[in-house]
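Me: I would like to go through this chain before planning further work. Could you take me through it topic by topic?

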Amino acid sequence: LVPLRPGRAASRLLPLLCGGARSKGASLSPGPPGRLGQRRYKKDVLPSPDGPAPSVSITEIRQYLRAQDIPFHDGYSCLHTPSLFTGDRGDQSLSANAPFTLFIDKTTGSFLCTATLAEGTWQDFQANVEMRHRGITPIPPASSEEMEEEMRQAREDARCIWERALPLWQLLDEKETKETKALFGISQVTDATLKRFGVRYLRTARSLVFPWFSPQDATLKGLKLVRVEKKGATITYVEETLPRFDSYRNLFGLPLIGRRDTELVITGWELDALALHQAAGVASVALPRGATCLPPTLLPYLEQFKRITLWLGEDLRSWEAAKLFARKLSLKRCSLVRPGNLQPRPLEALNQGLNVTKILRSALLASHKSIISFRQLREEVFGELVNTEQVSGVKWARFPELNKLLKGHRRGELTIFTG
């Protein structure tokens, strides 16, 4: 049952579980390290901070929305607008009283409607706005027939595996239950916690099964299977996802979070999310690919939270990823748990009997009150240029030309003349 190559995992595993059903796109992705484990990493999987410039700026997006009379308000990482794909059709203007369920990424311009799951690029959004003005019902950007068939088959395979998996507390042999929990390092995780998050166990593959439920209707959209490989004293966790990992857009634990929750802890592993909820009672989710990436399509689901704590792992790589993700989520609302001997990953903290709540309280703010970034300076300068009269200072009586350049002398400002 051990897949040897990425892309062939499903062809080897699923026929044994689902009576011959296959998924073309399922593949392996490296799993998080255990207490003695090592993670199989690829080089350069984290995006570079100095990536290509976005095709559209946030200023252009705002100007376009105002020109098209589309109501919006600023979020942390997205602009919120009423959806083009729900409610009134035709050339009617979007109402400001309608639910703001469409989110536009401030960096890339791509959009996602959380009500209909329609998504696309900024150009797709503009095309749908033009269609609406012409009285044509907007159409969400469609995938290719081959991709849709692949996704449908992957969901069917996931449903087949889910039906065969059993909750750990329903295993007939109590000894098997204890051995399985010990193998995955979850002896301290209670059955109530496993039940709340819907974790199951697949005997034939000796794997834990983590469900991916849709936030809209709680239907099963996919699965992640995690199994253990031992090589001497080294333990490695191997993950397999349905659908394939690049289409696995999921925040494990998201359907359990209420609309009124304002604080969240993001982890890099499903078992860490379980440990955090049990030990500290906080709302917690796990990224689909650990500290590898934070897909932009997940940002809209994180807009409701005023404070986000990133606790991704216990190594330097997780720390660097947390700082990178905080920039995506807005530095002002993010805190980071620095890895250390007394601050291991959440599951290890639970197993060692550490005070998880105390560790969360000691999280460092992503943005220091005494440090300002160039991006913040640029936004402030732009705001002053747009609202020159509001920020004008005391006018000089003897220097009218200087008033044209500096708009007067402002409090706390130093003007230096040099030649």
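This is a predicted model: local features need pLDDT of at least 70, side-chain atom pairs count only at pLDDT 80 or more; totals for chains, interfaces and linings use all residues.

Me: How many helices and strands does the chain have?

Reply: The chain has 12 helices and 15 strands. These are DSSP runs numbered from the N terminus, with helices (H or I) of at least four residues and strands (E) of at least two.

Me: What share of the chain is buried?

Reply: Of the 419 residues, 44% are buried. Buried means under 20% relative accessible area, exposed over 50%, and partly exposed in between, with a 1.4 Å probe and protein chains only. The accessible surface of the chain is about 22,900 Å², and carbon and sulfur atoms account for 52% of this area. Such areas come from the Shrake-Rupley method with a 1.4 Å probe; for residues, only the protein chains shown count as cover.

Me: And the contacts: what percentage join residues at least 24 apart?

Reply: The figure is 61%, taken among contacts between residues at least 6 apart in sequence. Contact means heavy atoms within 4.5 Å.

Me: Which residues touch the most other members of the largest nonpolar core?

Reply: They are Ile266, Leu310, Leu312 and Leu329, in a core of 30 residues. Two or more residues come from each of strand E11 (263-267), strand E13 (307-311), helix H8 (316-329) and strand E14 (334-336). H8 gives the most, with 7 residues. At least three residues come from each of domain 1 (58-134) and domain 3 (251-371), the bounds being from an automatic or database domain assignment. A nonpolar core is a set of buried Ala, Val, Leu, Ile, Met, Phe, Trp, Tyr and Cys residues joined through side-chain atoms within 4.5 Å.

Me: What is Ile266 in contact with?

Reply: Apart from neighbours within four places in sequence, the contacts of Ile266 include Val285, Leu287, Leu302, Ile308 and Leu329. There is also a second, separate core of 24 residues, with Phe184, Phe197, Tyr237 and Leu271 among them.

Me: Changing topic, how many salt bridges are there?

Reply: The whole structure has 15 salt bridges. Each is a side-chain nitrogen of Lys or Arg within 4 Å of a carboxyl oxygen of Asp or Glu. One of them pairs Arg345 with Asp272, with the closest N and O atoms 2.8 Å apart. This pair links distant parts of the chain, 73 residues apart: Arg345 is in the loop between E14 and helix H9 (346-351), and Asp272 is in helix H7.

Me: Is that pair buried or exposed?

Reply: Arg345 is buried because its relative accessibility is 3%, and Asp272 is buried too, at 0%.

Me: What else is in H7?

Reply: Helix H7 covers residues 270-280 and includes Glu270. Glu270 is buried, at 1% relative accessibility. Beyond residues up to four places away in sequence, Glu270 touches Phe210, Lys224, Phe252, Ala286 and Leu287.

Me: What does Asp74 pair with?

Reply: Asp74 forms a salt bridge with Arg62, and their closest N and O atoms are 3.0 Å apart. Asp74 is in strand E2 (residues 73-74) and Arg62 in helix H2 (residues 58-67), so the bridge ties together parts 12 residues apart in sequence. Arg62, Asp74 and Lys106 are linked in a network of salt bridges.

Me: Which residues form the nonpolar patch on the surface?

Reply: Ile372, Phe374 and Leu377 form this patch, with about 310 Å² of accessible area together. Patches use residues with over 30% relative accessible area and no salt bridge, joining like charges within 9 Å and nonpolar side chains (Val, Leu, Ile, Met, Phe, Trp, Tyr) within 5 Å. Ile372 is partly exposed, at 43%.

Me: Finally, which peptide bond is cis?

Reply: The bond from Leu242 to Pro243 is cis, with omega near 0°. Pro243 is in the loop between E10 and E11.

Conventions
Residues are numbered from 1 along each chain as its sequence is written. Side-chain values use heavy atoms; hydrogens and water are left out.
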